[in-house]
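Thanks for coming. I have one chain to show today, and I will keep it short.

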Amino acid sequence: EKIEKERIEQENIEQARRDEEERLEKEKIEKERKAEEERIEQEKIEQAIRAEEERINNEKIEQERKDEEKRIEQEKIEQERKAEEERIEQEKVEQARRAEEERIENEKMENERKAEEERIEQEKIEQERKAEEERIEQEKVEQARRAEEERIEKEKIEKERKAEEERIEQERIEQENIEQARRDEEERLEKEKIEKERKAEEERIEQEKIEQAIRAEEERIENEKIEQERKAEEERIEQEKIEQERKAEEER
């Protein structure tokens with residue numbers, strides 16, 4: 001009976017050892033399975049993050065391309081506008097030059113006609129009045145010369161005034177264009193800043209969600225571990241209780 005009792009105890013101990021080894025193997029397999037699931041989930045999250053980063057980068061590249069096309073188109077329009085303004089200005093200058101040449105030619109013809117008339121008239125005048133007529137004519141010529149010089153000087157001053165006004169107007173237009181470009185650039189930079197802040201906030205929220213999910217998973221795993229340890233402890237206590245009862249029964 002003692003040998004049989006020892007054999008039974010040995011079998012019980014061996015069975016308990018095998019049960020413990022089987023439990024530990026199951027726990028190991030379960031942990032490995034959970035670790036693999038966590039690794040797969042982490043890879044999915046990382047792939048989603050990389051895909052989102054690639055999408056954001058592509059959107060950024062596309063926006064930069066559109067901005068560059070818009071800037072090139074704006075420069076093209078500005079160049080065409082300047083070319084058109086230069087062409088109009090050149091036409092104005094050419095028209096003014098032709099008008100001035102025509103006026104000088106007309107004045108020249110008129111002066112020639114008057115000179116011829118004066119010569120004919122001079123020939124008709126009596127010889128004794130030649131000296132007086134020449135003096136009077138000289139005064140007229142001098143007055144005409146002074147008048148012509150005064151007129152030319154006034155035209156020169158007027159042209160310079162108009163040129164100065166045109167230059168001031170051109171500078172004002174260019175300054176307005178520069179100011180508009182500056183405002184457009186400030187607006188673009190402000191929009192980019194807002195967009196970056198929005199994206200950063202979205203990324204922060206997404207990161208918080210991921211971290212919350214990770215913490216929840218860790219908490220769940222920890223709870224399962226605690227629950228398994230509790231069950232193992234209950235089984236051990238139960239096993240000890242059974243063993244104590246068996247020994248008590250054997251002693252009885």
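This is a predicted model: local features need pLDDT of at least 70, side-chain atom pairs count only at pLDDT 80 or more; totals for chains, interfaces and linings use all residues.

Residues are numbered from 1 along each chain as its sequence is written, and side-chain values use heavy atoms, with hydrogens and water left out.

How many helices and strands does the chain have? There are 2 helices and 0 strands; these are DSSP runs numbered from the N terminus, H or I of at least four residues for helices and E of at least two for strands. The C-alpha trace spans about 185 × 20 × 15 Å along its principal axes.

Now the helices. α1 has 123 residues and reaches 180 Å from its first C-alpha to its last, close to the expected 183 Å. The expected span is 1.5 Å times one less than the number of residues.

Buried residues, meaning under 20% relative accessible area with a 1.4 Å probe and protein chains only, make up 4% of the 252 in the chain. In α1 they are Lys34, Ile45, Ile56, Glu100 and Arg103, and they pack against α2. In α2, Glu133, Lys199, Ile210 and Arg246 are buried, and the buried residues of α2 pack against α1.

Last, the largest pocket, with a volume of about 1200 Å³. A pocket here is an open set of points on a 1 Å grid where a 1.4 Å probe fits, with protein on both sides within 12 Å along at least five of seven lines; lining residues have an atom within 4 Å of a point. The volume is the space filled by probe spheres set on the points. Of the 27 lining residues, Asp67, Lys70, Asp184, Glu185 and Arg188 are the closest to its centre. Which helix gives the largest share of the lining? That is α2, with 14 residues. The lining divides into 20 charged residues, 4 polar and 3 nonpolar, with Asp, Glu, Lys and Arg counted as charged, Ala, Val, Leu, Ile, Met, Phe, Trp, Tyr, Cys and Pro as nonpolar, and the others, Gly among them, as polar.

Notes: Buried means under 20% relative accessible area, exposed over 50%, partly exposed in between (1.4 Å probe, protein chains only). Contact means heavy atoms within 4.5 Å.
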